Amino acid sequence: APKKDAKKEIMEWVKSILVALVIVAIVRTFLFTMIKVEGESMLDTLRDGDRLAATIIDGKLFGYSRGDIVICTYPGADHYCVKRIIGMPGETIEIKSGAVYINGEALDEPYLTRKSGDSMDAYQIPEGAYFVMGDNRPVSLDSRAVGPVEAGPWVQLGVPENGAILGKVHLRLWPFDAISTVG
């Protein structure tokens, strides 16, 4: 009966596709995701159009560190941003003429090639939150304007309204001539 064979074949394909979709959903939710850099707020570390791979699970398991490049969102924003963690939970951050001070000590930032001359009064970062900034300080919209961001939940569907860190960037995958680890 060829009709039954065709129906059986179609059902096998449907099952295979559904299993593949579930696997993709699990990988994107818990393991890693891809993001495209839009804008110049991370120059010269990252460029507009770079494609990045970010892990989700290691930040959830081991936390984040100063200097990590992360994917995050801001309160009320409907898009993802790529920024660098500058201040950790509980620390006091202050900016004097573009120089960042953490708990009164000047922060060494060798990745900065575009500094700004702005200042910000001392601010204590709340527990569970991180102060993120772009490497291209004069044009970066970051925690200086929108406040600190928290580590996001384990399962992330869409863009959270209250802002959150969603993952840690590890690799630049595009353009091919610039494939490298990021940090």
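Predicted model: local features only at pLDDT ≥ 70, side-chain atom pairs only at ≥ 80, totals over all residues.
Close-up 1. As a bit of background, side chains of opposite charge can pair when their charged atoms come close.

**Close-up 2. D135, with no exposure at all.** Stay in the loop between β9 (129–133) and α3 (143–146), and you'll find D135 there. D135 has a relative accessibility of 0%, so it counts as buried. What does the side chain of D135 touch? It makes a polar contact of 2.8 Å with the side chain of R84.

**Close-up 3. The D118, D142 and R144 network.** Here three residues, D118, D142 and R144, are linked in a network of salt bridges. Zoom in on one of the links and you see the side chains of R144 and D142 meeting at 2.8 Å, N to O. Are these two residues buried or partly exposed? D142 is buried, with a relative accessible area of 1%, while R144 is partly exposed at 22%. Searching the whole structure turns up 7 salt bridges.

Close-up 4. K15 and E12 sit in helix α1, 3 residues apart, or about one turn of the helix. Their side chains meet in a salt bridge, with 3.8 Å from N to O. K15 counts as partly exposed, given its relative accessibility of 47%. E12 is partly exposed as well, with a value of 40%.

**Close-up 5. A nonpolar patch on the surface.** I10, W13, V14, I17, L18 and L21 make up this nonpolar surface patch, and together they have about 620 Å² of accessible area. Take L18 as one example: it belongs to helix α1, which covers residues 2–31. L18 is partly exposed, with a relative accessible area of 49%. For scale, the protein exposes about 10500 Å², and carbon and sulfur atoms supply 59% of that.

Close-up 6. In general, strands of a sheet pair through backbone hydrogen bonds, either parallel or antiparallel.

**Close-up 7. Positive phi in two loops.** S97 lies in the loop between β5 and β6. It isn't a glycine, yet its phi is positive, at about 50°. S97 is also out in the open: its 58% relative accessibility makes it count as exposed. A second case is N103, in the loop between β6 and β7. Phi of N103 is near 50°, again a positive value in a residue other than glycine. Why flag such residues? Because most residues other than glycine have a negative phi.

**Close-up 8. Strand β3, buried from end to end.** How many residues of strand β3 (residues 69–73) are buried? It's 5 of the 5, so the strand is largely enclosed by the rest of the structure. I69, I71 and T73 point one way, V70 and C72 point the other way, and all of them are buried. β3 pairs with strand β4 (residues 81–87) in the antiparallel sense, over 4 bridges. In that pairing, C72 stands opposite C81 in β4.

**Close-up 9. Zooming back out.** The protein has 3 helices and 12 strands in its secondary structure. Of its 183 residues, 40% count as buried. Take the contacts between residues at least 6 apart in sequence, and 59% of them join residues at least 24 apart.

Key:
Residues numbered from 1 in each chain as written. Heavy atoms only, no water. Buried < 20%, exposed > 50% of the residue type's maximum accessible area, 1.4 Å probe, protein only. Pairing = 2+ DSSP bridges. Contact = heavy atoms within 4.5 Å. Areas by Shrake-Rupley, 256 points an atom, 1.4 Å probe, with all protein chains shown as cover. Polar contact = N/O pair within 3.5 Å; in protein donor to acceptor, adjacent residues only side chain to side chain. Patch = residues over 30% accessible without salt bridge, like charges linked within 9 Å, V, L, I, M, F, W, Y side chains within 5 Å. Salt bridge = Lys/Arg side-chain N within 4 Å of Asp/Glu carboxyl O.
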